[in-house]
Structure formats: C-alpha cells, structure tokens
Amino acid sequence: MQLTINGEIYTDLNAGINVLGLLSHLNLPKAKIAVERNRVIVPKSGYGTVVLKDGDVLEIITFIGGG
Amino acid sequence: MAAKQDNLIIAGREFSSRLIIGTGKYDTYAQNADALTASGADIVTVAVRRVNLTNPDEPLLVDFIDPKKTVYLPNTAGCFTGEDAIRTLRLAREAGGWNLVKLEVLSDPKHLYPDMEETLRAAKLLIADGFDVMVYCSDDPVFARKLEDLGCAAIMPLGAPIGSGLGIQNRVNIRLIVEQTSVPVIVDAGVGTASDAVIAMELGCDGVLMNTAIAEAKDPILMAKAMKHALKAGRQAYLAGRMARKKYADPSSPLAGLI
C-alpha cells in the first residue's frame with residue numbers, strides 16, 4: 001500500500017500494519033515523537049491498535065532546537 | 001516583596017530561575033546543554049519539526065537536554081496562521097505530555113513581528129483546548145491586556161525584533177505592560193547582551209527569554225553565565241527600588257567638618 005510520511009511517498013509497507021509496526025520499521029523511538037494520521041493525532045496508547053490504510057497521510061514529529 | 005524564595009510562578013508551576021533560553025542556533029546540542037547548565041535556566045524553548053526519516057540515528061535534542069530535568073516549552077515558530085499553531089502544539093503535547101506552550105504567530109519574515117489578530121484567535125482556541133499559553137506579542141499594552149483577559153498564562157512582549165540583539169526598544173511600553181498585568185511578563189526577543197536583560201528586569205519584568213544573545217556570543221557558555229547574573233542583578237535592583245533621579249549633583253561625603 002502507499003503511505004505519505006512527512007511528505008514522502010512510501011510504497012514498501014504491507015497492508016494491515018499498525019502505527020507501532022510502522023515506527024519500528026522506520027527505526028523511530030516512540031517515546032520521543034508524536035504521530036498525526038490524516039490530520040488527527042494518534043495517542044501513544046493507540047499505536048498498537050490503529051491500523052494504517054492505503055493512502056494515509058502521516059506526520060511524525062519530534063522536538064528540535066528552537067527559540 | 002514576593003514569596004520567600006522569589007520564584008517565578010507560571011500557571012501554578014514554580015521555577016527558581018527567571019531566565020528561559022532557546023535551543024536554536026547553537027553549534028551543537030552539546031554546546032547548548034553546557035550553556036543551559038551555565039545559565040541555570042529551568043525552561044528551554046524547543047521547536048516542533050518532522051523527524052528525519054532518512055537518518056533516524058541523527059542526534060536528538062532530548063539526548064542532550066533531559067526533558068525530565070528541564071521543562072520543554074514547545075513553540076510555534078514558523079507558524080503564520082492560528083490553525084498552524086494549534087496543530088503544532090497539539091502534536092507537541094502528545095510528544096511531550098506537557099500543556100505549557102509558547103504561542104507565536106508571526107507575520108513578515110523580514111521583521112518577524114507577531115500577527116496580533118491571529119495570535120489572539122489562536123490563544124483563544126488553545127486556551128479552550130486546555131493549554132497554558134505563554135504568548136509572544138508586540139509591546140502594545142492594549143493587545144497585552146486582551147491576551148491577559150483571554151486567560152494567557154504569561155505575556156511575552158518583544159524587546160526588539162527576534163534575533164536582532166538591539167535591546168529593549170520601548171521601555172515605556174514594557175513598563176506599562178508590567179504595571180497593568182497580573183500574570184508574569186517575560187521579555188521575549190531582542191536582548192543582545194547582559195545589560196539589556198538587566199534593563200528588562202529593572203523595569204519589573206518577571207523574566208527574560210533569549211536565544212541568539214547566548215547562542216551567537218563568541219563564547220556562549222560565558223554569556224549564559226553572564227545572563228544568569230544579569231537576571232539576578234536586575235531583579236534585585238527592581239525589588240530594592242532605585243534612588244530618585246536628580247537634576248544636579250549631591251555629594252556623598254558630608255560637607256560639614258571640612259578642614
């Protein structure tokens with residue numbers, strides 16, 4: 001299936017993957033980030049249950065230096 | 001005179017330092033962490049950005065500045081509409097689990113003055129959503145009052161344009177804002193060197209937020225230390241109450257008993 005993650009197209013993910021699976025696929029530490037799916041925040045408690053669908057648009061953010 | 005400890009209290013949270021520092025523009029996160037230690041600050045501002053998916057091993061701010069020991073104050077830098085700001089801070093709340101935030105809705109990149117119309121709108125929405133909003137604003141007492149009336153947790157007028165280092169440009173307005181405001185007033189932006197921070201504190205501000213003044217000093221660690229002292233000196237001078245200004249000299253040694 002096709003996902004858009006942080007503006008980039010990803011086609012290498014299988015249908016049925018949940019947010020937790022995606023984060024582990026991308027090698028991201030779940031404690032330090034937040035995930036938005038189709039403009040709705042996925043709470044950390046939902047990472048294991050929210051299943052991604054073809055065409056989903058995801059934003060994954062973290063804190064960086066800023067003023 | 002404030003409480004025995006003279007701590008800074010924002011939205012019911014108590015901080016021993018009145019200095020808030022940014023985490024942008026440093027050469028490295030390690031240097032940033034050293035500057036933080038030297039400054040004694042309890043709060044750092046942070047930006048919210050997309051994770052680097054091509055290099056997930058790149059250094060993260062949280063690996064150098066521990067969010068359990070230092071309060072992360074997520075900002076909305078780079079947001080030009082209220083909607084952008086709200087979206088950013090909702091994500092920040094999920095990432096950090098913290099509802100104290102810095103709202104800044106900017107306008108023209110040339111001067112980075114806040115768009116006060118959008119700022120007011122965004123502040124209203126964020127407060128309704130349960131955020132404690134520390135708000136970057138113009139040094140206009142009328143807008144400052146409106147933001148306080150909406151329920152903002154701290155009013156943060158600029159001293160001069162962001163990153164300019166020009167110092168407090170309008171002492172009259174900062175003083176007016178301090179006098180009328182019952183939540184903390186924190187000068188945000190414009191400080192260039194220690195004396196600028198002292199002036200802000202002598203005007204009665206509750207704190208100062210700065211980034212470039214420390215990050216772009218030739219020796220950021222030493223400047224961080226200088227700012228720590230500046231905040232304390234300015235605060236103590238404010239609490240002590242300065243002498244009256246006089247038009248003419250007044251000798252310090254008695255004139256009586258001269259030989």
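This is a predicted model: local features need pLDDT of at least 70, side-chain atom pairs count only at pLDDT 80 or more; totals for chains, interfaces and linings use all residues.
## The interface between the chains

Chain A places 28 residues in contact with 30 residues of chain B. Between the two chains, about 2,600 Å² of area is buried, and carbon and sulfur atoms give 63% of that area. Of the area that chain A buries against chain B, 28% is supplied by Phe63(A), Ile64(A) and Gly67(A), more than by any other three residues.

Charged pairs also link the chains. Side chains of opposite charge can pair when their charged atoms come close. Three salt bridges are counted between chain A and chain B. A salt bridge joins Lys32(A) to Asp63(B), with the closest N and O atoms 3.0 Å apart. Over all chains, the count of salt bridges comes to 15.

## Helices α2 and α3 of chain B

Within chain B, Arg121(B) and Glu83(B) form a salt bridge through their side chains, at 2.9 Å from N to O. Because Arg121(B) belongs to helix α3 (residues 116-128) and Glu83(B) to helix α2 (residues 82-96), this pair ties together parts of chain B that are 38 residues apart in sequence.

The two helices also pack against each other. The axes of α2(B) and α3(B) come within 8 Å and cross at roughly 35°, and the crossing is right-handed. On the α2(B) side, the contact involves Gly82(B), Glu83(B), Ile86(B) and Leu89(B), which meet Glu118(B), Arg121(B), Ala122(B), Leu125(B) and Leu126(B) of α3(B). Sorted by class, the residues in this contact are five nonpolar, one polar and three charged.

## Helix α8 of chain B and its contact with α6

Helix α8 (residues 220-240) of chain B packs with helix α6 (residues 194-202) of chain B; their axes come within 7 Å and cross at roughly 30°. The helices α6(B) and α8(B) are therefore roughly parallel to each other, and their crossing is right-handed.

From α6(B), the contact draws on Ala194(B), Ala197(B), Val198(B), Met201(B) and Glu202(B), while α8(B) contributes residues including Ala226(B), Met227(B), Ala230(B), Leu231(B) and Tyr238(B). By class, the contact of α6(B) with α8(B) comprises 10 nonpolar residues, one polar residue and two charged residues.

## The contact of α8 with α1

Helix α8(B) also packs with helix α1 (residues 29-39) of chain B, at an angle of about 25° and with the axes 7 Å apart. It follows that α1(B) and α8(B) are roughly parallel to each other. The crossing in which α1(B) passes α8(B) is right-handed.

In this contact, Gln31(B), Asp34(B), Ala35(B), Ala38(B) and Ser39(B) of α1(B) meet Pro220(B), Ile221(B), Ala224(B), Lys225(B) and Lys228(B) of α8(B). The contact of α1(B) with α8(B) consists, by class, of five nonpolar, two polar and three charged residues.

Notes
Residues are numbered from 1 along each chain as its sequence is written. Chains are lettered from A and ligands numbered from 1 in the order in which they are written. Side-chain values use heavy atoms; hydrogens and water are left out. Axes are lines fitted to C-alpha atoms, for helices over the stretch in contact, and angles run from 0 to 180 degrees between N-to-C directions. Helices (H or I, at least four residues) and strands (E, at least two) are DSSP runs, numbered from the N terminus. Angles under 35 degrees count as roughly parallel, over 145 as roughly antiparallel, 65 to 115 as roughly perpendicular and the rest as oblique. A crossing is left-handed if the near helix is turned anticlockwise from the far one by less than a right angle, and right-handed if clockwise. Contact means heavy atoms within 4.5 Å. Ala, Val, Leu, Ile, Met, Phe, Trp, Tyr, Cys and Pro count as nonpolar, Asp, Glu, Lys and Arg as charged, and the others, Gly among them, as polar. Buried area is the accessible area (1.4 Å probe) that two parts lose on being put together, summed over both. A salt bridge is a side-chain nitrogen of Lys or Arg within 4 Å of a carboxyl oxygen of Asp or Glu.
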